[in-house]
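Please open the structure in your viewer and keep the selection panel at hand. The stops below are to be visited in order.

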Amino acid sequence: MSRTEKILWGIALVGFLAGIAGLIQRFTGGHTVAAYGTYVPWGLWVAVYTTLVGISIGSFLIAALGEGARIRALQPLTGIALLTALAALAGGLLAIWLDLGHPLRFWKLFFSTSPTSIMGWMAWLYTVYGILLLVLIYLKWARPTSPLLRPLFGLGLALAVIFGGAEGALFGVVSAQALWESALVPIRFLVEGAASGMALVLFLAILLGYLEPEPGRFLRWTLLGLLLATAVLEWSEYSTTIYAGIPAKVESLRIVLFGPFWWVFWIFQIGLGLVVPIILLALSGERRVWLGVAGGLVAFTSLSAKLNLVIPALVVPELEGLRMAFTGPGLSFDYFPTLSEWLLAVWVASTAALIFLTAYRLLPAMRARPA
Amino acid sequence: MAQEIQTRIRTLATRRAFLARFASGVFASLIAPAVTSGVLDQVEAASRERTGVGPALTPELPEGMNGQHPIERMLKDLQRALQKPVDQRRWAMVIDLRKCVGCYACTVACIAENKLPPGIAYRPVITETRGTYPNVSRRFIPRPCMQCENPPCVSVCPVQATWKRPDGIVVINYDQCIGCRYCITACPYAARSFDSGYFYSDFEGGSPQPYELLPSPEYGENRVRRKDASPVGNVRKCHFCLHRIERGQLPACVLSCMGRATYFGDLNDPQSLVSELASRPNAFRLKEEMGTEPKVFYLV
Ligand code: SF4
Ligand code: SF4
């Protein structure tokens, strides 16, 4: 085991152990330990879930483009990308499972699926995608020359694009939340997810010493393209919102840009998540350390974009005066995650990291040759 | 004598004008019967005496004095509707904002009826303030579930735990709901609440209060709320007191409304009081532009 790997194990284990406190609180205190409730029904855990699912899609795209679309430059990263996709998916689903009011009823999603609900569809898409990931990992590990690999990767590619968009549509179709209801949201989810997943694989490949120059170059330009596309999409969404002036939407956007958590947008989402990586990728050549920093920044700040979508839409009262109409626990339009929520989020992320590290250790065939 | 009665008419008219201008409708409907009791015959007699043909000045009378009492009428409407098959009923509510005094009686009655926990109110009363000082006006807007004809909360539910009944009431199956809260985000009126599992005793120490151990009659299920069982962990909402309606009773908020600002009945019955009120030109619905077709009408 390399030193880097040992450090990663250490960090993941510390996060896992610290996060157990959040898990225990979730099981003993139910949802009273969280700050979300009636007026802001979704919070940090939903943002974590969407972020991790986005990362899963993005990293899977690397594998699918390499093996399904035969982009040779990406093929050395197939193994690590598949493991990242699986770990991120597991983490994302864990986050949303713990967010349910009745987690033990999750099976109803399969036996009583509503055909009109995007969330109902997502349950099936996740299942198919998850099984596909497992099958692909198995084939890649045990039968790397199987003729099934290519069509399955092709299918996975289509699936990833569909459910990457559907993940955004889950928000985009909600006309009651002005900030969400936009045709751009599904596209943003897809592009941001692709960027964050690719960035994480780039980061991990550099950290674990597996990045060869060719995949490095390919990922550098692809990531740069995706970040520029993200910038265009965000600009387009925000500028048209401000110009159109629909009050609830403008109010949500005002909260994003200048509200109490303005720094999440300006420092994390734009500064560290977009501007700095764009500069690094565009100007610093192919030096691994800078590519790694850029990848790490994009991946680890990707939560900020999701937080800035999920929460600001919900903190604007649906009806003027509702804020003071009735008070009590859960009836607040101000949301900041509680310590339990943060701890549980850390536990989920650490669990995903441990799944990755364990699989990485147990399946040596999934590792590319060291560069 | 006639002069004295004329003076009383004038006083009465002045008082009523005062009430109309400065007090809310509820005071008018509560106080005016007392003010006018026994006086009306004399008023009418005086008018006849003066003109010889009939009443010259008919003071505006509160509705309770004009024919049938609204509660009585609504109960009759309800009975008529219950005779019909369920899919031919269309339950609706009309709320007269001119009469609502913001007393919260409906909010409290609903909480008591459905044994709601802290942080859940199916029918909060919103205070809307308009303008800036000194040109300020204020109105109270009770907000039950709108029982939308096109409820956006229903289609998003991934497990078909919530649906619109044939009579138009949107209900939730607590045993089916997984508590994902997607429906809360989809409701444009914030009419759905998440039962996080709070108890009043959590805030006051000690064991659950007797109130918290009473079964809730919601959906006729008589559930006693416990930390580890539905409806804790579920989404909850106003159901127009379905359990009461089916017993031939009016919703708790309607009966408790001291301003008599809330009316309930069958929109499919042209004879019903709600049909009559909802078809008035001064009726409007919240966020009509959303296309949800609410069945709660407001009179202004
Ligand atoms: S008011 Fe909200 S909860 Fe009630 S039916 Fe309409 S959308 Fe559903
Ligand atoms: S919270 Fe319950 S009723 Fe609402 S969408 Fe989820 S499962 Fe359906």
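The model is predicted: local features need pLDDT of at least 70 and side-chain atom pairs count only at pLDDT 80 or more, whereas totals for chains, interfaces and linings use all residues. Residues are numbered from 1 along each chain as its sequence is written, chains are lettered from A and ligands numbered from 1 in the order in which they are written, and side-chain values use heavy atoms, with hydrogens and water left out.

**Helix α1 of chain A**

Select residues 3-29 of chain A, which form helix α1. Helices are DSSP runs of H or I with at least four residues, strands are runs of E with at least two, and both are numbered from the N terminus. The end C-alpha atoms of α1(A) lie 39 Å apart, in agreement with the 39 Å that its 27 residues should span; the expected span is 1.5 Å times one less than the number of residues.

Next, centre on A:G19, where α1(A) bends by about 30°. The bend is the angle between axes fitted to the seven residues ending at a position and the seven starting there. A:G19 is also among the buried residues of α1(A), which include A:W9, A:L23 and A:R26. Buried means under 20% relative accessible area, exposed over 50%, and partly exposed in between (1.4 Å probe, protein chains only).

Which helices do the buried residues of α1(A) pack against? Display α2 (44-68), α3 (78-99), α7 (184-207) and α13 (339-362) of chain A; contact here means heavy atoms within 4.5 Å.

A salt bridge is a side-chain nitrogen of Lys or Arg within 4 Å of a carboxyl oxygen of Asp or Glu. Over all chains, the structure holds 32 of them.

Select B:R139 and B:E128, whose side chains form a salt bridge at 2.8 Å, N to O. B:R139 belongs to strand β3 (residues 137-142) and B:E128 to strand β2 (residues 125-130) of chain B, so the pair ties together parts eleven residues apart in sequence. B:R139 is partly exposed at 25% relative accessibility, whereas B:E128 is buried at 9%.

Move to B:K164 and B:E149, a salt bridge at 3.3 Å, N to O. B:K164 lies in strand β4 (residues 162-164) and B:E149 in the loop between β3 and α6 (152-156) of chain B.

Finally, select B:E293 and B:R285, whose closest N and O atoms are 3.2 Å apart in a salt bridge.
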